[in-house]
Amino acid sequence: MRTEPLHGASPLLVPGDPYSVVVLLQGYADPEGVGDAVRADGSVTLVLPQTRGPASSHRESPRGSGGAEAALEEAARGPILVDTGGPWAQEALLGALAGQGVAPGDVTLVVGTHGHSDHIGNLGLFPGAALLVSHDFCLPGGRYLPHGLGEGQPLRLGPGLEVWATPGHGGQRDVSVVVAGTALGTVVVAGDVFERDGDEDSWQALSEDPAAQERSRRRVLVVADVVVPGHGPPFRVLREASQPETEGGGNSQQQPAVGDEEPALHY
C-alpha cells in the first residue's frame with residue numbers, strides 16, 4: 001500500500017452516484033518561524049446528493065430509538081458540509097459555496113469532525129442546518145438526539161454515506177465521513193485523523209490519544225481510495241493487486257464494505 005497526492009485545481013470535484021464530493025478549501029498548517037507558532041486552517045468539503053429531495057420540517061422528526069437515524073437521513077437530502085474552517089476563512093467559504101451554486105441556507109447538515117476552532121469556526125453561518133459536531137447531534141433550534149457513535153456504530157446518512165467514529169486526534173469523539181460510489185472509489189473525509197499525506201513524522205505530537213488514532217488511521221486506509229486530510233491536499237490510497245488463491249489457502253483480500261469494524265491492515 002502507498003499513497004500519492006491527488007492532483008487537481010481547487011475546488012476539487014469527485015463526481016459520484018448518489019453523492020459527489022467537492023473539496024472546497026484545502027487545509028494547511030505552515031510554521032510561522034517564530035517559536036512554535038503555526039498558521040493553520042482546516043479543509044472544508046461539500047457532499048452533494050445527485051438528487052436533492054425536498055426536506056421536511058425537522059420539528060416533525062420522530063422521537064425514540066430511531067429518531068436520530070431518521071433525522072440524519074432527512075438532513076442528508078440536501079448539501080452536506082464537512083467542517084467549516086476557521087472564522088477568518090468566512091469569506092473564502094462563502095465564495096467557495098457560491099461557486100457550487102450553494103447558499104448557506106441550502107445546507108441541510110453540517111458535520112464537524114472535531115471541536116477545534118479551525119474546523120468548526122463558521123457554524124454560525126448555518127443556523128437552519130442540522131449539526132453533527134463530534135458526537136453531538138442536534139436539529140435546528142437545539143434539539144439533541146441520541147445515537148450510537150459512542151459505541152462504535154456507524155451512522156448511516158444514505159446509500160454508501162456514513163459517519164464513523166475515528167477517535168484519537170481530539171480525544172475520543174472525532175468522526176469521519178465515508179462516501180462510497182464516487183468515480184475514484186470510496187472517499188473518506190477524515191478531519192485530522194490524517195494531517196496531510198506523508199504526516200508519519202508529525203501526527204503523533206498533535207494527538208490526544210495516539211494509540212486510538214493509529215487504529216483509526218488503519219481503519220480508514222483499508223477502506224479509502226481517497227482521503228481528504230485536515231491540513232493538506234487530498235491523497236489517493238493505492239494497493240497492490242491481490243494474489244490469487246492457491247490450493248490449501250488463499251492470500252486474496254476482499255475490499256471491506258462501508259461500516260466494517262477494525263479490519264486488519266497488511267503492509
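**View 1. Strands S6 and S7 run antiparallel.** Three bridges join S6 (residues 44-49) to S7 (residues 80-82). Strands are DSSP runs of E, at least two residues long, and helices are runs of H or I, at least four, numbered from the N terminus. Two strands pair if DSSP finds at least two bridges between them. Threonine 45 stands opposite valine 82 in S7. The model is predicted: local features need pLDDT of at least 70, side-chain atom pairs count only at pLDDT 80 or more, and totals for chains, interfaces and linings use all residues. Residues are numbered from 1 along each chain as its sequence is written, and side-chain values use heavy atoms, without hydrogens and water.

**View 2. An open sheet of eight strands has mixed pairing.** Its order is S2-S3-S6-S7-S8-S9-S10-S11. The edge strands, S2 (12-14) and S11 (143-144), each pair on one side only.

**View 3. Helix H2 (residues 90-99) lies across S3 (19-25), S6 and S7.** Contact means heavy atoms within 4.5 Å. H2 runs at about 145 degrees to S3. Such angles run from 0 to 180 degrees between N-to-C directions, with axes fitted to C-alpha atoms, for helices over the stretch in contact.

**View 4. An open sheet of seven strands also has mixed pairing.** The order is S1-S17-S16-S15-S14-S13-S12. S1 (2-5) and S12 (155-158) stand at the edges with a single partner strand each, so one side of each lacks a neighbour in the sheet.

**View 5. Strands S15 and S16 pair in the parallel sense.** Three bridges link S15 (residues 185-189) and S16 (residues 226-228). Valine 189 stands opposite valine 228 in S16.
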